[in-house]
Amino acid sequence: MMRKLLLIAILGSAPSLGGCVAGMAASAVGMAVKSAQGQPQSNAHLKPTAEALCSARAAQYGTVHVIDVQQYSPSKIIVWGTADNGTVRQSFECGFGTQISGFKLRPIPAH
């Protein structure tokens, strides 16, 4: 009787164990792919360059005031600030890797 219960328990858990093994295998493959890609190179040393180039891009829209420069990921810097031409004030967000990779401009509503 005990053997039958043990056999039923083992057979009943086989599908869930199979899913677990498949999940572990998929996870191992994902880790191997990430390892093969290597670590992204840090561009933290480019913060001054990022600030200067992003400020120059924003200067088309008025006087620039940089609010913050942050290392978003090992290879991406984000520069936030405002551009004011005396009539319209806008905020900007500038993505930078080794060059400007994105630039968003948003109007700031007058109060």
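Me: How should I read the model and its numbering?
Reply: This is a predicted model, where local features need pLDDT of at least 70, side-chain atom pairs count only at pLDDT 80 or more, and totals for chains, interfaces and linings use all residues. Residues are numbered from 1 along each chain as its sequence is written, and side-chain values use heavy atoms, with hydrogens and water left out.

Me: What is the order of the strands in the open sheet?
Reply: Strands are DSSP runs (E, at least two residues), numbered from the N terminus. Two strands pair if DSSP finds at least two bridges between them. The pairing here is antiparallel, and the four strands have the order β1-β2-β3-β4.

Me: Why is one side of β1 and of β4 left without a neighbour in the sheet?
Reply: β1 (63-73) and β4 (100-107) stand at the edges.

Me: How many bridges join β1 to β2?
Reply: These strands run antiparallel. Val66, for example, stands opposite Gly81 in β2. The bridges joining β1 to β2 number nine.

Me: Is Gln90 buried or exposed?
Reply: Gln90 sits in strand β3. Buried means under 20% relative accessible area, exposed over 50%, partly exposed in between (1.4 Å probe, protein chains only). Gln90 has 15% relative accessibility, so Gln90 counts as buried.
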